[in-house]
Amino acid sequence: MTLHGGVRQAFERVLDPADVLSDPVKCRAYECDGLTGYRVCPDLVLLPRDAAQVAAAVRVCHEHKVPFVARGAGTGLSGGALPVADGVVISLARLKRVLEVDPANRRAVVEPGVTNLEITAAAAPHGLYYAPDPSSQQVCTIGGNVAENSGGAHCLKYGFTTNHVLSCEVVLPDGSVVTLGTDTGEQAGPDLRGVFLGSEGTLGITTSITVRLLRTPESVRTLLADFPSVAAAGDVVSDIVAAGIVPAAVEMMDTLAIEAAEEAVHAGYTVGVPAALVVELDGPVEECDAQFEQVKAICEKHGCTRLHIAGSVEERAKIWKGRKAAFAAVGRISPDYFVQDGVVPRTRLAEVLDRIAGMGTDAGLRVANVFHAGDGNLHPLVLYSAAAGETERAERLSGEIAELCVEMGGSLSGEHGIGTDKACSMPKMFSEDDLAVMARVQAAFDPHNLCNPGKVLPTPRLCGERPGKYRAHPLEESGVIERL
Amino acid sequence: MTTPAGSADTNIPQNGPSAFDAHRPPERELLDDCVHCGFCLPTCPTYQLWGEEMDSPRGRIYLMDLASKGEISLDGPFTEHIDACLGCMACVTACPSGVQYDKLLESVRPQVERNVQRDRGDRLFREAIFSLFPYRRRLRAAALPGALYQKLRTIPAVRRLAEKLPGRLAAMESLLPPVSVRAAFAQLPVFTPAVGARRGRVALLSGCVQDVFFHRVNEATVRVLAAEGYDVLVPRDQQCCGALELHAGREETALGRARRTIARFETLDVDTVVTNVAGCGSSMKDYGHLLSDDEAWASRATAFSGRVRDVHEVLAELEPVAPRHPFRGRVAYHDACHLGHAQKVRAQPRAVLRSIPDVELVDLPEAELCCGSAGIYNMVAPEAAGELGVRKAGNVRSVRPDVVVTANPGCLLQIGKYMAADGVPILHPVQLLDASIRGVPVPRT
């Protein structure tokens, strides 16, 4: 079944017809996001140019009961922007204006298609910046950050997207437009802004976001330290936190991740060492310097084999570039890989990494680790070769690693989201009651289940079969249920 | 529980025969290198303009993958989006996975030229462009005052275009800059000896557009190289290097020109073949790869490519010897895509400019973004090229330069067109260096 021509005409009445893509070849470019294993070709792709057009398009969807999926830069790693068969993709790529920078009140108003880094670029002339920094910040959009409640290396000290978004203008699934939150950040009544943040595109589409800006820190100190074992590096992280220091970021990479990043960026990582930490401190000069000495001492205490301090802004940028490009850089050392995203209590880091290494050996596959050590957010990358028939084994290993995180008292996802990828794993972490409450919240916003359906919460259809092109459900074939 | 977490592998099966023919289709391993991360999107000029996935490097590679798997054909949208690519290679710079988009595009464009029937207007226009630009003599005729068609009606492709689509001929003509008859017909000396102690011996590719419309740049190049201790040879019977055709997918004629260029230069007793044109340098450095499966030429091409250097690489290699006069002013350097992205020559032009005392060198915002010239792009896609030109001009203005320098004739024409009213000299870096060495005022053009 495809959308009938009347629906397309309805979209063409509210958008420029050239902004309604229906050619199947063009639409196929939108069939997946950063998680390419899941693909569904949408019937139409809409490219609205402003907030009013987004609202108008959603109203058409609501009127004709057409499911829709919002998409920013399509960099998500959990299939959150996976299109729906017989549905439309609403691309926010053209809503990319910085509407206002208000240095006095330290906030900016931006459209959802503005990239994370562009906010900082717009704020920089005022000595301000936008703090959350996902590794893909040069390309990922703020709309996607809001949907996923994105984290990043510096969220250890500064908090996640939700701590930096004051308010959002939102097009609800029925096409009405509301503002959630307030520009002062203080709100009476239930925190609906908080509900919307991290809802993975299932409660509406944000068309304008007011973000908090921070003053660029007076001083930033960054060091790169090599360690003889992952455990030693893990102990350093624990000791830094125990010393009462709140670093801006503590990132860990293991041998394979270091090799990949170094090959991509040539940032001066030591190839071959078992583990490396990137520790960054920021704040007033005196505090920063004093704590930096403490951190150096802790590193040395745990047998640091090389301690390198970034001597210039360029060098610091290079170190971060290596770290932030690490996922994609792994493509240089392996034909294929799975990116996993899980959280464990920081104190169990070494133990979990040990278990992961063992599981990798058992499966006969390499696992690269690159992660936000400061908050226990792991990103194990399972390396494999599809051509060599290792896909299923790798998939199983990656899944077992996520399961291990939950077992250790952690979480299924730190920042990449549940999306399509992990919806079926939600019962591992949440009780039936938990999930029922979540479903009721979702239904309150989206009673017709039109807004990014099939994401986050497990459904029998999603979890009973492999995603891909539409196939009739067995119950549908037997006439028990029918497709809306 | 199996959780298939993030993977770059699309697992799209081979559903039918590839839409590409068997002659150098895009290599499977190169397509598989793309992990779909999207880091290329912000630097892609067409994605910046239109925000459409199919007009991003990631999207284009995805379409190539689909075509290779037999899922889509080459005509229609595929050709539309491959055509829309400027070939600026900013994505190659941005890619953390090391995807060789340059090689992919280089194999896909000829596939389109061979296998897709273009509409008549497009065909006529392209024929006219390629019957004119690679030919120095025809360009000289075109440079004479008067209407282009009057001068070139003996060329059938131009005549056909003039008869069927006079508007597009006029558009083409508007891009050709005014040039004096004397400059258009001037010739470089075949041999210019080094000034003072000889430090090397080089041959210069004088180019086609470069030699007719920017003869003064070639003259400055010869003077600067000689002043820095190089004997400079300029073989008179050299022809177009094929860059323009190569970047447009006209493989066969481009390779013919490559072979002729190799044959012309390889017998010369020189250390280096120098070019002052970014586009020519990038294609000549690529001859080795392009002719790798031509047994008779492969090793000759590799040897030739190994000797090709951009003029800035040569100048930055050795300590300057010619005394420089100071230039007090802000100099904005624009990285030509085929120099910065394609050849990764970024530091050398800056080093050369810094060798001029008192120069205040400034970089441009959005430096990685193409100016819209891109070979024949501003002729076949004038609207997109125009938007990029306006954007580049705005970025140049924002740094308030006294002089703008860039090392490619296409960029000089394009930026010159969109900054015509600004009154800022737009030059090739060697022109500035030449003025500094000679102690003469900086030229206006």
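Trainee: How many residues does the contact take from chain B and from chain A?
Mentor: This is a predicted model: local features need pLDDT of at least 70, side-chain atom pairs count only at pLDDT 80 or more, and totals for chains, interfaces and linings use all residues. Residues are numbered from 1 along each chain as its sequence is written, while chains are lettered from A and ligands numbered from 1 in the order in which they are written. Two residues are in contact if their C-beta atoms, placed from the backbone, lie within 7 Å. The contact takes 46 residues from chain A and, from chain B, 35 residues.

Trainee: Which element gives the most to the side of chain B that touches chain A?
Mentor: Helices (H or I, at least four residues) and strands (E, at least two) are DSSP runs, numbered from the N terminus. On this side, β1 (6-7), α3 (57-68) and α4 (77-83) of chain B each supply at least two residues. The top giver, with four residues, is α3(B).

Trainee: How many residues of that side of chain B are nonpolar, polar and charged?
Mentor: Ala, Val, Leu, Ile, Met, Phe, Trp, Tyr, Cys and Pro count as nonpolar; Asp, Glu, Lys and Arg count as charged; the others, Gly among them, count as polar. The side of chain B that touches chain A divides into 17 nonpolar, 13 polar and five charged.

Trainee: What radius of gyration does chain B have?
Mentor: The radius of gyration is taken over C-alpha atoms, and the globule rule is 2.2 Å times the number of residues to the power 0.38. With 445 residues, a compact globule would come near 22 Å. Chain B agrees, with 22 Å.

Trainee: How many helices and strands does chain B have?
Mentor: The C-alpha trace of chain B spans about 75 × 60 × 50 Å along its principal axes. Its secondary structure comes to 26 helices and 10 strands.

Trainee: What is the strand order in the open sheet of chain B?
Mentor: Two strands pair if DSSP finds at least two bridges between them. The sheet has four strands with parallel pairing, in the order β8-β7-β9-β10.

Trainee: Which strands of chain B stand at the edges of this sheet?
Mentor: Look for strands with a single partner strand, so that one side is left without a neighbour in the sheet. β7 (329-333) of chain B pairs with one of them, β8(B), over four bridges. B:G329 stands opposite B:V359 there. The edge strands of chain B are β8 (359-362) and β10 (426-427).

Trainee: Which strands of chain B does helix α26 touch?
Mentor: Axes are lines fitted to C-alpha atoms, for helices over the stretch in contact, and angles run from 0 to 180 degrees between N-to-C directions. α26 (429-438) of chain B packs on the sheet, and its direction makes about 125° with that of β9(B). The strands of chain B that α26 touches are β7, β9 (403-405) and β10.

Trainee: Why does B:S18 count as partly exposed?
Mentor: A residue is buried if 20 or more other C-beta atoms lie within 10 Å of its own, exposed if 12 or fewer, and partly exposed in between; C-beta atoms are placed from the backbone. B:S18 sits in the loop between β1 and α1 (28-32) of chain B. Leaving out residues up to four places away in sequence, B:S18 touches B:P25, B:A67, B:S68 and B:G70. B:S18 counts as partly exposed because its C-beta neighbours inside 10 Å number 17.

Trainee: Now chain A. Is A:T207 buried or exposed?
Mentor: A:T207 lies in β10 (205-212) of chain A. Its C-alpha atom is separated by 5.4 Å from that of A:A51, 156 residues apart along the chain. A:T207 has 25 C-beta neighbours inside 10 Å, so it counts as buried.

Trainee: How many residues of strand β13 of chain A are buried?
Mentor: In a regular strand the side chains alternate between the two faces of the sheet. A:A249, A:E251 and A:M253 point one way from β13(A), while A:V250, A:M252 and A:D254 point the other way, and all are buried. For β13 (249-254) of chain A, the count is six of six.

Trainee: Which residue of β18(A) is the bridge partner of A:E251?
Mentor: β13(A) runs antiparallel to β14 (275-283) of chain A, joined by six bridges. β13(A) also pairs with β18 (366-372) of chain A, in the antiparallel sense, over three bridges. In β18(A), the partner of A:E251 is A:H372.
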